[in-house]
Amino acid sequence: MRTVVDATGTEIQIPTHPKRVVILNIANLDMYYAVGGKVVGKPKSSYYSKDLMAATADVPSIGGLHSPSVEAIIGMHPDLVIGVNVPFNTNLREMLSQANIPLYINNLNTYEDVVDTLRFFGELTGHEDVANVTAKRAEDHYNKVVALTKEETGPQSLIIFGSPGSFSMATNTSFSGNLLKTLGGHNIADRDSSLAGDYVPLSMEYIIKENPEVIFFISMTPKPDSIETFKRDMLESSAWQDISAVKTGRIYYLSGGLFALNPGTPINEALDIMYKDLYGKEVPND
């Protein structure tokens, strides 16, 4: 056993090399398998990559990120459960502890969190060499893209999150907002110091005043018709007509699987997509 402190500041005892792991979210599952790990329970999600879907085809589901089944988890007799720092995962701690099952909550807010997680999972799986190579590859790509932004002037940007009738603005403390800041974009949602949190209410008056040059739209239900409806409504709305991004057509859809939450190793793909949308250039191939 080893003692670790997780993202909630909780000190817990976990196996040095756990044998029966249950993972509650896609990003952690992706990174655990990237360093040679295997699990006995996985989350239900529509954002599996083809490779991860194939690798975990025979692994039973414990439910979605927001509705994991405690009964299913306990029935898998895990020696470690790994989740992410959201209430739907952290609230499981007491119930799992009653069954003597440790819960490790992981932070996944930044690029650095991906690198740290890969190395930690390498320790758990006993594949430190694989983890170090994978983490180094991610770090090298990150450094290359960030270096490219030093030669650019970042545009005034707005990240809209949600669905019609329920829109919010993402701030720099959200994953997508942190990525925007990393790439040199200027997030208008952070101009108002009275607004706090990862996501804040969308104010049309505020958007008109700040006049973003680029608008990103993140939806957790990536249906082409809803995305086109969103763009059409924006272009036809008198309230949006004078916004710079609408005038120039710089409205970009970002996949919820890549941008709503940290996706794990596909974060390189997320970096490349946002860089291209911000600056109109492809990231050169490695």
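A: Here is a short chat about the overall build and the aromatic rings.

Q: What kind of model is it?
A: It's a predicted model.

Q: Okay, how many helices and strands does the protein have?
A: The protein has 13 helices and 13 strands. Its radius of gyration is 20 Å, close to the 19 Å the globule rule gives for 286 residues, so the protein is as compact as a globular protein of that length.

Q: And what share of the residues counts as buried?
A: That would be 49% of the 286 residues.

Q: Switching topic: how many aromatic pairs does the structure hold?
A: There are nine. One of them joins Tyr-32 and Phe-121 edge-to-face, with 5.2 Å centre to centre and 75 degrees between the planes.

Q: Where do Tyr-32 and Phe-121 lie?
A: Tyr-32 is in helix 1 and Phe-121 is in helix 6, so the pair ties together parts that are 89 residues apart in sequence.

Q: Are those two buried or exposed?
A: Tyr-32 counts as buried at 2% relative accessibility, and Phe-121 is buried too, at 0%.

Q: Last one: which residues do ring pairs link into a cluster?
A: Tyr-32, Tyr-104, Phe-120 and Phe-121.

Definitions and conventions
Residues are numbered from 1 along each chain as its sequence is written. This is a predicted model: local features need pLDDT of at least 70, side-chain atom pairs count only at pLDDT 80 or more; totals for chains, interfaces and linings use all residues. Side-chain values use heavy atoms; hydrogens and water are left out. Helices (H or I, at least four residues) and strands (E, at least two) are DSSP runs, numbered from the N terminus. The radius of gyration is taken over C-alpha atoms; the globule rule is 2.2 Å times the number of residues to the power 0.38. Buried means under 20% relative accessible area, exposed over 50%, partly exposed in between (1.4 Å probe, protein chains only). Rings of Phe, Tyr and Trp (its six-membered ring) pair if their centres lie within 6.5 Å; planes under 30 degrees apart count as stacked, over 60 as edge-to-face and the rest as tilted.
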